[in-house]
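This report describes how two parts of a protein chain meet and how a ligand is held there. The structure under discussion is shown first.

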Amino acid sequence: MTVLALHGVSKSFGPIEVLHDVDLALDPGQVHALIGENGAGKSTIMKILGGFLDPTEGQILLDGKPVRFSSGPEAEAQGIVVIHQEFNLAADLSVAANVFLGREPGGLRLDHKAMRRDTAALLARLDTRISPDTLIRDLSVPDRQMVEIAKALSRNARVLIMDEPSAVLTHREVGTLYDQIDRLRADGVAILYCSHRLDEVAHLADRITVLRDGRVVRQAMRGEMTEDDMAAAMVGRELQDFYPPKGRPSPDPALDLQGLSVPGRVHDVSLTLHRGEVLGIAGLVGSGRTELAEGIVGLRSATGEIRVNGQKVAIRNLRDAFDSGLAYLTEDRKEAGLLLDKGLTQNLTLADLPRFGLWRLDQRAETEALAHATQEFDIRAPDPAMIAGKLSGGNQQKLLLAKTMLPDPQIIIIDEPTRGIDVGTKQQIYAFIRRLADEGRSLIVISSEMAEVIGLADRVLVMREGRIAGEVTGKDMTEDKIVRLAMGVSGEAA
Amino acid sequence: MKPDLHTLGPLIALIALIVLGALLNSAFLAPANITNVLARSAFIGMIAVGMTFVITAGGLDLSVGSMAAFLAGIAIIAMNAALPGLGENWGTILIGMGVAILGGIAAGFLNGALITKARIEPFIVTLGTMGIFRSLVTWLADGGTLSLDYGLRTLYRPVYYGGIGWVTWPIIAFALTAFAGEWIMRHSRFGRHVEAIGSNDRVARYSAIDVGRVRLLTYMLLGLLVGLSTVLYVPRLGSASGSTGVLWELEAIAAVIIGGTALKGGRGRVWGTVVGVLILSLIDNILNLADLVSPYLNGAIQGVIIVLAVVLQREKRTADER
Ligand SMILES: Nc1ncnc2c1ncn2[C@@H]1O[C@H](COP(=O)(O)OP(=O)(O)OP(=O)(O)O)[C@@H](O)[C@H]1O
Ligand SMILES: [Mg+2]
């Protein structure tokens, strides 16, 4: 009954073998979850199944017969569709043009009307408000992901391979995604699903394969593994105290905003961040969280008053923000965070080059900085001379975190700190964030993962439609309260 | 960085050309010929080093050939004008040099400011200024030729023809430019920023790099180098006209591409550019020395080399990405 399977597959990049003798089977009407630490080889498996990489050894079996795809489109012609971890959208084309890219309907003249209509129908099915005519570059990261999903749905897949589709989505869209997965499962599509959110794996998966360092270490059916079992199997040890204990912020304000507005996006936001505090900001997609952060650090023009340690500061650009001790970690790792075609060192030091020499850059010091960062942030790079784009997604995130922390900022705004990061590393990053706060730094953490905001933050602000909709602290920090504020539903929790 | 076939490619081609030239004609390796080839490469070479920075930052400059002609024109006019007052001496020539160099920086600033401040595509801006500079020099020469005063010309001549032994001043200037360019690209913050911007300007902006300023500086650096190369070019003929520096921009861009700098930006190779310039002028020289192929086919052969170089670059990328 198996549609697509790997049999004894190994994969090497140059001298480094990253997959060892992997067996995996996808059955129709089943959701098969693939979990493992960052760099375990999940994306590599998915690329092999989707025809984007060749296995070094072993076989791909389609309906029991060995096949070799020479390209992604060839696999797609067989009904195998991949949603990649990194976006594959043409930024200057419209949503509709992207959904139908490579399969445009119409004869000599493109059937624009049909494309727009079908795209609108798909987007409606996904319950989004994206217009088919918007350009991809004008969409937020989560909206782009919804377009990816729409694109995959439009291909009538027999096998759907999803590499961390939910990593960039918020609460509401994740629900829509689950509904679509249930529908496809009922239609008999075989689904391979990769995620670092173990709760969703427990909720979705009929079957689970755990990968560690390129080896399958455990396979189980629905209900056979708890979330803790999964985490332990992935990391190879028990995980305890997932979130660090809350801190004791001092009453001194580190950052003070008075009436900050970003035209059209953020309206009249006032807030105070105390020294040693981790302030969470929650909200739906499009609620203006990222825009607020970018307004504070000078990446967007903003009006209003900003005080750092009580001193009024003028921040016209990111350099000014750095000089005031602020730093910002972007949510858009691929387009704004890292130079994917450059080396790790070059990425690490890019925002803080003056430290490495006034005229001649001290490349030895840069290499040392990388060695230090690799250790401190546990960046797993098979080869320190590789380009950033070849790191696994989670390790890219760790590199970005290292880059942000290099100038030793005192106020750090982190947009989605653990996007695409495995449980073990999440715990490390949470501990790290808390340590920064305990050392007297102040942090704003923007996150779409509700459990993360609640577990990590000392206090949570909820944004809605560009304004602060409310604040929750202490015992009130519950998912229910936050969702109500985010959606604008009044009244007490049921 | 380990040298791969990709970086070595142009170098191997250069060595092959030298061997070929030596086999075809014994005069090829004669010092006089080598001096000649290198000195004539120097103009395009210095411009191409500047072009490497512009292209690496994701830009383009089509105006450099016309700019060189225009700068030569105004330098000659300035020297002729200063002659009655200052007399036939180095002071007058220094004024001409100053005009060419400052004019080059100003022209680069004009290009760069239109691109970064007015946010117009580099291709369009420099296509426009290419026409403007060309037409200005033709107008200044009234359709004919602007000639430097005879006496001044004699005085100025050694700047092109003189030097230290066989090594003439243009060769020295080209070598210094190349070393400085390589150093800046590899070891300075500016070079790092240039590569980052060409690789992904949004990432650069989010890394607190003043993208507009760095871009503007690349055009000004190129303008400066066009000015310097004009300073060396004027004493060669002592004149400028509407046909001075025609197609220099394409030769410079070709040299940059042959050398392995990506046209889409992000990866700059100054040594590669130097090798590219030498390859282009060696082809020309060999065709002139040997009777194998008509020198009129020079352009065709250069064209083949350019396309080949780009194909080789692409081969590498697809090998590990597919
Ligand atoms: N093109 C490549 N060249 C060299 N090494 C590579 C390449 N692609 C991936 N790797 C390496 O292979 C290993 C597995 O990477 P992969 O992307 O499959 O991890 P992953 O399990 O998807 O991790 P994550 O959860 O972080 O996305 C990593 O060590 C990665 O650095
Ligand atoms: Mg991955």
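## Domain interface

In this predicted model, 27 residues of domain 1 of chain A are in contact with 31 residues of domain 2 of chain A. The domain assignment places domain 1 of chain A at residues 4-235 and domain 2 of chain A at residues 263-487. Taken over C-alpha atoms, the centres of the two domains are 28 Å apart.

About 2100 Å² of area is buried between domain 1 and domain 2 of chain A, and carbon and sulfur atoms give 55% of this area. Of the area that domain 1 of chain A buries against domain 2 of chain A, 28% is supplied by Asn38(A), Glu86(A) and His171(A), which is more than any other three residues supply.

The shell consists of 20 residues, and the closest to ligand 1 are Gly39(A), Lys42(A), Ser43(A), Thr44(A) and Gly394(A). By residue class, the shell divides into ten polar, six nonpolar and four charged residues. At least two shell residues come from each of helix 1 (42-49) and helix 14 (393-405) of chain A. Helix 1 of chain A gives the most, with three residues.

For His196(A), an N or O atom of the side chain is 2.8 Å from an oxygen atom of the ligand. For Ser392(A), a polar side-chain atom lies 2.8 Å from an oxygen atom of ligand 1. The backbone also takes part: a polar backbone atom of Lys390(A) is 3.1 Å from an oxygen atom of ligand 1.

On its own, ligand 1 has 640 Å² of accessible area, and the protein covers 90% of it.

Note on methods: Residues numbered from 1 in each chain as written. Chains lettered and ligands numbered in written order. Predicted model: local features only at pLDDT ≥ 70, side-chain atom pairs only at ≥ 80, totals over all residues. Heavy atoms only, no water. Near = heavy atom within 4 Å. Polar contact = N/O pair within 3.5 Å; in protein donor to acceptor, adjacent residues only side chain to side chain. Areas by Shrake-Rupley, 256 points an atom, 1.4 Å probe, with all protein chains shown as cover. Helix = DSSP H or I, 4+ residues; strand = E, 2+ residues; numbered from the N terminus. Nonpolar A, V, L, I, M, F, W, Y, C, P; charged D, E, K, R; others polar. Domains from an automatic or database assignment. Contact = heavy atoms within 4.5 Å. Buried area = accessible area lost by both parts, 1.4 Å probe.
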